[in-house]
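Here's a quick tour of a model, going from strand pairing to aromatic contacts. Keep the viewer open as you read.

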Amino acid sequence: MSRTAFLHTGSYFHLATLKGPAVVAMDIADVYAPDLTESGLDDFDAVYVAARLHPGVRATIAPLIVDFLNRDGVRLYIDGENAVGQWLPGTTEVRRGTNFWAWRIGEDVGRRSVNLQHPMWQWLSQRSVHWHYHGVLDHPAAAVPLVALEQLEDDTSQPSDPWGLEYRAIPGHPNTLMYYDDATFAAQLVVSTMDASYHHGAGFMPGASQLLYRMLGWLRG
């Protein structure tokens, strides 16, 4: 079984996630990102990059995360709200609004599970990836989208969230919400715009807890 790190910046939701009984039972290592050194991830086979890292710390450690991706045989998951378009090679991100309760009220925002034959779906579930998102990704050609936004017939209206941000698909954009990539880097990589560890640690969005547990399961292999 792989040794898995939870890389975080010490926010309350990061600490709450680490203290959860289910996470404790998985023997996940607590790695505080501000203290990370060039060799700090050498002893790990897998890394969960927690949601919403402090931006300043994230900018400092981003090269170390990319270095980890260049190791053979390792796995890495990047949780949402980490501005991957600013530092992850080959990926761009466009921010989208957040419809927090579409999953409760039954609104179809165009979110779809795709490439369901891919082996990653052995680790995922519909509930774990259909709650909300914060952006859409474009990614390396070798990457396989797992969840994406589909443009709906009535998308000309482009509804907005309470902060005035549109949240449906962008015309002509890949609109990927989650992808798997085992070809761009030596590592296996999954990237999402869903911020699972934030919502799990903050105590709301049950689907977020499902995604957290399932991605930790994949990392541990």
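## Strand β10 and its neighbours

Let's start with β4 (residues 75–78), which pairs with β10 in the parallel sense over 4 bridges. Bear in mind that this is a predicted model.

A hairpin of 6 residues links β9 to β10. As for β10 itself (residues 188–192), it's mostly covered, with 4 of its 5 residues buried.

Search the whole structure and you get 7 aromatic pairs. One of them is F13 with Y198: the ring centres are 4.8 Å apart and the planes sit at 85°, so this is an edge-to-face pair. F13 belongs to helix α1 (residues 12–19) and Y198 to helix α6 (residues 196–202), so the contact ties together parts 185 residues apart in sequence.

F13 is buried, at 7% relative accessible area, and Y198 is buried too, at 16%.

## Rings between strands

Y48 and Y77 make another edge-to-face pair, because their planes are at 70° with ring centres 5.0 Å apart. Y48 is in strand β3 (residues 46–49) and Y77 in β4, so the pair ties together parts 29 residues apart in sequence. Both tyrosines, Y48 and Y77, are buried.

Terms used
Residues are numbered from 1 along each chain as its sequence is written. This is a predicted model: local features need pLDDT of at least 70, side-chain atom pairs count only at pLDDT 80 or more; totals for chains, interfaces and linings use all residues. Side-chain values use heavy atoms; hydrogens and water are left out. Buried means under 20% relative accessible area, exposed over 50%, partly exposed in between (1.4 Å probe, protein chains only). Helices (H or I, at least four residues) and strands (E, at least two) are DSSP runs, numbered from the N terminus. Two strands pair if DSSP finds at least two bridges between them. Rings of Phe, Tyr and Trp (its six-membered ring) pair if their centres lie within 6.5 Å; planes under 30 degrees apart count as stacked, over 60 as edge-to-face and the rest as tilted.
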